[in-house]
Amino acid sequence: ESWMANLQAASEVQEILLPLASFILALYINMKLGWFNQTISLCWSTQGKISDLALVLASVASPPMDAGVLAAKFRIYRYLNLMHFFTFQNLAVQYNHDTLDDLVRCGFIKHDEQELLAASTNQKDTVLVWVGAVFRELVAAGRIPSEILPRVLEILRELRGHSTTLGKELRRMAPISYAQLMQLMIDGLMVLTPPALSYALESDREGLSVYLWPAVGSMTLALFYQGCMRLVTTLEYPLGADLDDINCDWLLMSVEASLWAFLTDSMPKQLCEKHPIGTEVPTTSRSESHVGQGKQSEEPIGATSPQDSYATGMLEAALSETV
């Protein structure tokens, strides 16, 4: 009878602990899911602000095929991609081994810029300052209206805020005492579950099922609660390589594609009548502009449409900086 009394006591304690542990675990998972979704929102907000700057420049820069405008577009293209990479470099482990030399080889940094970034204490914010300076030079040169500059500075401030907040959020950790308390309650619940189920399923019948169902019930509860704990640890680092994590490569590539599209999109003919575009320019593949290593074809392929001339002008500006 003494062992039945012990089983009964374990069952009563388990009945008290079960709803409390379930509530605390559900609350913690809900908090982590909210934090995870907030992190994703910050990543998307950063993408949006970067694209906003390219959209503003592509919309108001005039004349669109001016050599200075094309050079500024390519510089903004480099700087915004560079800033986006620096945002994730210290947050995603797959980028920790990339260096400034690698960025020089792929054409995103020039040698004089490399020296400045090497001495910078915050490379991401340094590049943001360069972006603002490029817009200021365009205003001073009369290539974009001065009324645009306050909006550009506002976007830059918001971009800096989103990117900085993203880094801080990813480094935020749950209170260690809360995590330890939750783990202790789950472990205690798992220890009490087998005797509690043995008492609840006690029977005078003979057979294997008398011993099987308490074991099966204990394993099922352990699988559920420990699985929830594993889910919490998975959400702790949303920039990893798990199926639930954010793909940083996709973030960088989608922003790069968006920037290229904005800065090379063509204008309708009626918007370009004041700035005639040449009808014969050499074409170059887009991939050459990414690494800064492609050389312009010595033989022109032939006449191109106005839709191709913007992209070609950007490529020529890229080649002029890298050759």
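This is a predicted model: local features need pLDDT of at least 70, side-chain atom pairs count only at pLDDT 80 or more; totals for chains, interfaces and linings use all residues.
**Entry 1: H1 and H2**

I looked up helix H1 (residues 2-60) against helix H2 (residues 67-89). Their axes come within 11 Å and cross at roughly 170 degrees. H1 and H2 are therefore roughly antiparallel to each other.

I then listed the residues in contact. On the H1 side I found Cys43, Thr46, Gln47, Ile50, Leu53, Ala54, Leu57 and Ala58. On the H2 side they meet Ala72, Lys73, Ile76, Leu80, Met83, His84 and Phe88. I sorted the residues of this contact by type and got eleven nonpolar, three polar and one charged.

**Entry 2: H1 and H9**

Next I took H1 with helix H9 (residues 248-264). The axes come within 9 Å and cross at roughly 15 degrees. The angle is under the 35 degrees set for roughly parallel helices, so H1 is roughly parallel to H9. I recorded the crossing of H1 past H9 as right-handed.

From H1 the contact takes in Cys43, Trp44, Gln47, Ile50, Ser51, Ala54, Leu55, Leu57 and Ala58. Their partners in H9 are Trp250, Leu251, Ser254, Val255, Ser258, Leu259, Phe262 and Leu263. The residues of this contact come to 13 nonpolar, four polar and no charged.

I checked which H1 residues turn up in the lists for H2 and H9. Cys43, Gln47, Ile50, Ala54, Leu57 and Ala58 meet residues of H2 and also meet residues of H9.

**Entry 3: salt bridges**

I started with Lys49 and Glu158, whose closest N and O atoms are 2.5 Å apart. Lys49 is in H1 and Glu158 is in helix H6 (residues 148-170), so I logged this as a link between distant parts of the chain, 109 residues apart. Is Lys49 buried or exposed? Its relative accessible area is 16%, and under 20% counts as buried, so Lys49 is buried. Glu158 has a relative accessible area of 26% and is partly exposed.

I went on to Arg78 and Glu113, with the closest N and O atoms 3.0 Å apart. Arg78 lies in H2 and Glu113 in helix H4 (residues 111-118), so the pair ties together parts that are 35 residues apart in sequence. Both residues of this pair, Arg78 and Glu113, are buried.

I also took Arg172 and Glu169, which form a salt bridge with the closest N and O atoms 3.0 Å apart. Arg172 is partly exposed at 48% relative accessibility, whereas Glu169 is buried at 7%.

**Entry 4: Glu113**

I went back to Glu113, which lies in H4. Its relative accessible area is 7%, so Glu113 counts as buried. Which residues is Glu113 in contact with, leaving aside neighbours within four places in sequence? I found Arg78, Tyr79, Phe108 and Trp130. Arg78 is the salt-bridge partner already logged.

I located Tyr199 in helix H7 (residues 176-200). At 29% relative accessibility, Tyr199 counts as partly exposed. Not counting residues up to four places away in sequence, Tyr199 touches Met4, Leu7, Gln8 and Ser11.

I placed Asp265 in the loop between H9 and helix H10 (287-291). Asp265 is partly exposed, with a relative accessible area of 46%. Asp265 and Leu55 are 10.0 Å apart, C-alpha to C-alpha, and 210 residues apart in sequence. Leu55 is one of the H1 residues in the contact with H9.

**Entry 5: the whole chain**

The protein chain has eleven helices and zero strands. Buried residues make up 42% of its 323 residues. Of the contacts with a separation of 6 or more, 80% come from residues 24 or more positions apart.

Conventions
Residues are numbered from 1 along each chain as its sequence is written. Side-chain values use heavy atoms; hydrogens and water are left out. Axes are lines fitted to C-alpha atoms, for helices over the stretch in contact, and angles run from 0 to 180 degrees between N-to-C directions. Helices (H or I, at least four residues) and strands (E, at least two) are DSSP runs, numbered from the N terminus. Angles under 35 degrees count as roughly parallel, over 145 as roughly antiparallel, 65 to 115 as roughly perpendicular and the rest as oblique. A crossing is left-handed if the near helix is turned anticlockwise from the far one by less than a right angle, and right-handed if clockwise. Contact means heavy atoms within 4.5 Å. Ala, Val, Leu, Ile, Met, Phe, Trp, Tyr, Cys and Pro count as nonpolar, Asp, Glu, Lys and Arg as charged, and the others, Gly among them, as polar. A salt bridge is a side-chain nitrogen of Lys or Arg within 4 Å of a carboxyl oxygen of Asp or Glu. Buried means under 20% relative accessible area, exposed over 50%, partly exposed in between (1.4 Å probe, protein chains only).
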